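Here are some notes for a colleague who is opening this structure for the first time. They are set out as numbered points, to be read alongside the sequence and the model.

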Amino acid sequence: MSATPTPSAPAERVTHSLVRDVRLPGGAGVLALVTLDNGLDHTKPNTFGPAGMAELKAALEVVRTRAEAGEIVAVGVTGKPYFVAAGADLKGITSVHDHAEAVELGRMGHAAYTILGDLRAATGVPTFAFVNGLALGGGLEVALNCDYRTVASDAAALGLPETGIGLIPGWGGAYLVPRLVGVEKAIEVILTRPAANKPYKPAEALKIGLVDELFEAADFLEQSIIWAAKVVTGEVEVPRRELDPQPVWDGVVAAAKAQLDAIVGTSRPAPHRALELIAGARNATKADAFAAEDQALADLVMSDEMRASIYAFNLVGGGKKPQGAPDPKLARPITKVGVVGAGLMAAQMAFLFAQRLGVPVVMRDLDQERVDKGLSFVRETAEKLAGRGRLSPDAAQRIVASVSGTTDIGEFASCDFVIEAVTEVMGLKKKVFAELEGVISPETVLATNTSALSVTEMAADLRHPERVVGIHFFNPVAQMPLVEVINAEHTSDEALATAFAITKKLRKTAIMSADRPGFIVNRLLLLVMGQVLDAIEGGTPVEVADRALAPLGFPMPTFALTDLVGPAVAQHVLTSLREELGDRIPASAGLAKIVENGTRVVLDAPAKGLPKPVDPAIQQYFGPARPGEPGVLDADGVLDQVLTALATEIGLMLDEGVVPGPQQIDLAMILGAGWGFHTGGITPYLDRTGYSEKVLGKRFLPDGVANVPA
């Protein structure tokens with residue numbers, strides 16, 4: 001593949017391969033050390049494109065010649081400060097035009113890395129990877145192709161995230177990892193961890209055998225070279241595990257396939273292709289396994305799912321100032337936070353404010369029993385995290401000491417920022433705000449955690465409605481990365497800037513939404529739920545309707561989501577949205593009966609990690625199923641109804657100016673509703689399935705932005 005950029009391909013940020021000789025201690029000989037470095041600062045990690053990979057291959061060919069001549073006794077590979085490499089250049093990948101070019105992408109990586117993997121067999125010279133920083137994807141695979149690996153204690157992350165972004169480990173990972181750590185752990189490395197977006201910490205990588213030694217960061221390279229010298233002289237021997245027996249290999253692969261079938265289904269091809277490579281890796285030659293990786297990688301590079309995944313990846317990792325956010329300098333300083341309420345949501349917020357803002361937090365509720373319950377949650381959460389090693393004992397103690405509770409609303413007088421988290425009833429929230437305005441200072445910012453109610457109406461009777469802003473956290477607060485910042489009719493730039501500054505310190509992704517019913521996520525998520533319930537009301541069996549959205553790859557089926565949020569909460573929000581948006585949000589008498597009877601809607605999961613299936617017994621609340629009758633939807637019909645409704649609603653949201661563009665809707669649904677990377681969010685999926693043009697007469701995104709261009 002040519003290294004010269006084309007007009008449609010971005011210029012490559014070349015990672016150079018700089019070689020220098022290092023004399024090993026004890027007279028062990030000379031090690032040729034290859035340092036990967038793109039010459040830029042730590043905000044721009046090393047990545048591999050065609051030019052960088054060609055340079056690495058050329059450098060390694062010179063090293064190989066020197067090894068053959070007996071000039072060196074070892075080869076080492078390391079990275080610039082903080083980074084080995086973050087993998088392949090994703091911008092370059094999305095500019096690949098055809099399958100042959102995509103195959104070459106895999107081959108060029110294998111051609112360079114195989115020099116490392118074959119050097120000891122050909123010349124007797126071993127290869128070492130000194131993983132001094134982040135090593136993801138192709139950055140970890142360069143280490144996996146070496147004979148030995150050390151890691152620095154402060155390396156940010158190690159992993160093979162490819163299946164999470166529509167690819168497979170294409171430069172040796174699918175073949176090498178199961179040989180190194182065993183097939184069971186290989187499933188974790190290649191499938192499970194990427195699905196959870198959870199790379200390995202250095203100690204974790206050492207524990208499972210991805211690396212051989214861990215050294216402290218301060219003198220990491222020095223200690224790694226000393227260790228390498230001991231390996232070269234035979235003073236240190238590194239044991240390697242035997243290949244797992246065929247029955248074990250087959251059993252692990254079969255179990256992983258069953259789980260993929262249940263969770264992923266046919267919604268995206270990458271995990272299944274990776275599993276096929278792992279399945280075949282035991283008995284394949286390295287050459288055949290690498291050739292299979294080349295073909296699988298090429299197939300996926302030329303798939304819409306991969307292009308949509310990269311679009312989603314870039315959205316989530318954008319790190320830019322949120323669209324529409326005012327100048328951050330307008331944000332008010334926060335020295336004390338007030339939380340109205342001490343229930344579960346309020347207590348979660350109080351904990352996070354204390355943890356991340358580092359300021360005193362006071363929770364207020366109507367009686368001491370509720371206050372004590374909220375404070376107990378904060379204390380128990382801190383103890384739990386400290387017990388797991390996720391908080392230091394000092395940090396846990398500081399958080400608990402920072403959060404106080406009261407029944408006296410006057411305690412909010414000294415707060416710079418107060419957020420309410422009381423029941424979703426407009427009258428109650430207005431009453432809370434009216435009481436607060438008589439207590440707090442004129443500069444205090446007031447926020448509401450409402451998930452769907454009008455912030456404008458909530459602030460309408462206040463003397464200073466401009467101080468009110470919506471900050472909608474998702475449950476569970478600590479885990480969910482999204483916050484919707486709601487710009488009400490009178491919200492000032494100062495209040496908005498304060499909301500964005502707070503969410504940034506909380507390490508959340510903030511998206512600004514206009515003050516429209518349901519904002520972004522709940523408007524669309526509850527629309528989907530309503531359409532599924534509507535199909536059941538019309539005679540579709542509950543089990544058919546529950547499975548109908550499987551092609552979208554949601555993290556859980558409709559009724560498992562209903563169980564998670566609570567049928568009563570779902571019914572309440574559906575009703576409020578219907579009052580605002582009309583018949584586009586269907587009513588469900590069946591759901592109302594389920595809530596009235598307190599009936600659970602799902603069965604227990606058949607196995608750990610599998611979704612909870614709908615309980616077929618709840619069919620009684622919707623009336624008899626009538627599959628096959630005219631007008632009764634099958635699974636395809638339910639999916640069609642949902643996608644048609646989504647295209648319609650997103651078109652209206654963009655017309656209303658809820659967000660500036662479809663990208664914000666996609667980002668919100670990925671982070672707030674678990675919409676799969678492989679879809680790109682909602683709008684790329686609606687574009688490539690034809691629903692946007694069928695319903696609205698136009699695409700949401702230009703052709704080629706999140707799909708293989710026509």
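1. In which helix is Val542 found? Val542 belongs to helix H20, which covers residues 542-547, and in this predicted model the residue is buried, with a relative accessible area of 1%. Leaving aside neighbours within four places in sequence, Val542 is in contact with Ile536, Phe559, Val614, Asp615, Pro616, Ile618, Gln619 and Phe622.

2. Taken along the principal axes, the C-alpha atoms fill a box of roughly 85 × 65 × 50 Å.

3. Among contacts between residues at least 6 apart in sequence, 74% join residues at least 24 apart.

4. Helix H12, residues 304-316, can be followed in some detail. Its 13 residues reach 18 Å from the first C-alpha to the last, close to the 18 Å expected at 1.5 Å a residue. The buried residues of H12 are Met306, Arg307, Ala308, Ser309, Ile310, Tyr311, Ala312 and Leu315, and what covers them includes helix H2 (90-93), helix H11 (286-301), helix H25 (662-673) and helix H26 (683-688).

5. Not counting residues up to four places away in sequence, Asp304 touches Arg688, Ala706, Asn707 and Val708. Its C-alpha atom is separated by 29 Å from that of Phe519, a residue 215 places away along the chain.

6. The loop between H25 and H26 contains His678, which is buried, with a relative accessible area of 4%. Apart from residues up to four places away in sequence, His678 touches Ser267, Arg268, Glu305, Ala308, Ser309, Pro551, Leu552, Gly553 and Arg688. Two of these partners, Ala308 and Ser309, are among the buried residues of H12, and Arg688 is also touched by Asp304.

7. Side chains of opposite charge can pair when their charged atoms come close. The structure holds 28 salt bridges. In one of them, the side chains of Arg66 and Asp21 meet at 2.8 Å, N to O; this pair links distant parts of the chain, with Arg66 in helix H1 (residues 50-68) and Asp21 in strand E1 (residues 16-24), 45 residues apart. Arg66 is buried, with a relative accessible area of 18%, whereas Asp21 is partly exposed at 43%.

8. Helix H1 also holds a pair within itself, formed by Lys57 and Glu61, whose closest N and O atoms are 2.7 Å apart in a salt bridge. Why are Lys57 and Glu61 separated by about one helical turn? The reason is that the two are four residues apart in helix H1. Lys57 counts as partly exposed at 29% relative accessibility, and Glu61 is likewise partly exposed, with a relative accessible area of 28%.

9. A further salt bridge joins Arg600 and Asp563, with the closest N and O atoms 3.9 Å apart. Arg600 lies in the loop between helix H23 (589-597) and helix H24 (635-656), and Asp563 lies in helix H21 (residues 558-565), so the pair ties together parts that are 37 residues apart in sequence. Both residues count as partly exposed, Arg600 at 39% relative accessibility and Asp563 at 21%. Elsewhere, salt bridges that share partners join Arg516, Arg523, Arg584, Glu649 and Glu656 into one network.

10. The last point concerns the surface. Which residues make the nonpolar surface patch of about 270 Å²? The patch is made by Leu564, Val565 and Val569. Val569 is found in helix H22, residues 567-581, and is partly exposed, with a relative accessible area of 45%.

How values were computed:
Residues numbered from 1 in each chain as written. Predicted model: local features only at pLDDT ≥ 70, side-chain atom pairs only at ≥ 80, totals over all residues. Heavy atoms only, no water. Patch = residues over 30% accessible without salt bridge, like charges linked within 9 Å, V, L, I, M, F, W, Y side chains within 5 Å. Areas by Shrake-Rupley, 256 points an atom, 1.4 Å probe, with all protein chains shown as cover. Salt bridge = Lys/Arg side-chain N within 4 Å of Asp/Glu carboxyl O. Buried < 20%, exposed > 50% of the residue type's maximum accessible area, 1.4 Å probe, protein only. Expected span 1.5 Å × (residues − 1). Contact = heavy atoms within 4.5 Å.
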